[in-house]
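Grab a pencil and work through these exercises with the model open beside you. Try each task before you read its solution.

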Amino acid sequence: MSQSKSSVGPSLRSHFTSLLSKDRIRLFSFIRSLVLNVSDAEDVYQRVCLTLWNKFDEFDQKRDFFPWACGVASYTVRNHHRSLRHDRHYFDQELIETMSQQREQHLSNYNIRIEFLHQCLRALNSSDQQLLQDAVFEKQAVTEIAKTTKRSLQSLYNRLSILRRELAECISRKLQSEQ
């Protein structure tokens, strides 16, 4: 590469940072699904980020960033696995490619699933929304919620289980209607 990235303008750095920030969780999830060891997955993620930065001038700005990043991650994961061939947990290239494609496809509709989750949450009654807000988003202990709401612990666990199932079904229905 003829041009140092340090000489790249702040707008390109800012654009790269915003794209990576938007997809960092999905990208790490993609890598983590292909690399068993968490520490190794973190190392691979760092190498992927560095490679993405070094090759960002080759990225077609008219295209979606996530599939491009997954392509770079796939090659980096393959190189990582190649270096571990002596390990008994080594995956063959065909399996890695299959897993990579399936995981990329699954994660590609992540943003739409999040939007559908918000829609499904808004359709719940206010007490169910509050229960999920307290238990899931604010990570309050269910025992504390039971004391506050004067409901039995078991009824809250049952209700949370039902709500999770209902939300998953709601999202699935919306995804199917999109196709």
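This is a predicted model: local features need pLDDT of at least 70, side-chain atom pairs count only at pLDDT 80 or more; totals for chains, interfaces and linings use all residues.

**Exercise 1. How many disulfides are there by the distance rule, and which cysteines does a disulfide join?**

Step 1: Start with the idea. A disulfide is a covalent bond between the sulfur atoms of two cysteines. The rule used here is a pair of cysteine sulfur atoms within 2.5 Å.

Step 2: Apply the rule, and the count comes to 1 disulfide. Cys120 is joined to Cys170, with 1.9 Å from S to S.

Step 3: See where the partners sit. Cys120 lies in helix 5 (residues 110-122) and Cys170 in helix 8, so the pair links distant parts of the chain, 50 residues apart.

Residues are numbered from 1 along each chain as its sequence is written, and side-chain values use heavy atoms, leaving out hydrogens and water.

**Exercise 2. Sort Cys120, Cys170, Cys49 and Cys70: buried or exposed?**

Step 1: Get the cut-offs. Buried means under 20% relative accessible area, exposed over 50%, and partly exposed in between (1.4 Å probe, protein chains only).

Step 2: Cys49 has a relative accessible area of 13%, so it's buried. Cys70 is at 0%, so it counts as buried too.

**Exercise 3. At what angle do helix 6 and helix 8 pack, and which residues make the contact?**

Step 1: Helices here are DSSP runs (H or I, at least four residues), numbered from the N terminus. The protein chain has 8 helices and 0 strands.

Step 2: Axes are lines fitted to C-alpha atoms over the stretch in contact, and angles run from 0 to 180 degrees between N-to-C directions. Helix 6 (residues 126-137) and helix 8 (residues 153-178) pack at about 100 degrees, their axes 11 Å apart.

Step 3: That makes helix 6 roughly perpendicular to helix 8 (65 to 115 degrees).

Step 4: Contact means heavy atoms within 4.5 Å. Helix 6 brings Asp128, Leu131, Leu132, Ala135 and Val136, and helix 8 brings Leu156, Arg159, Leu160, Leu163, Arg164 and Leu167.

Terms used
Helices (H or I, at least four residues) and strands (E, at least two) are DSSP runs, numbered from the N terminus. Angles under 35 degrees count as roughly parallel, over 145 as roughly antiparallel, 65 to 115 as roughly perpendicular and the rest as oblique.
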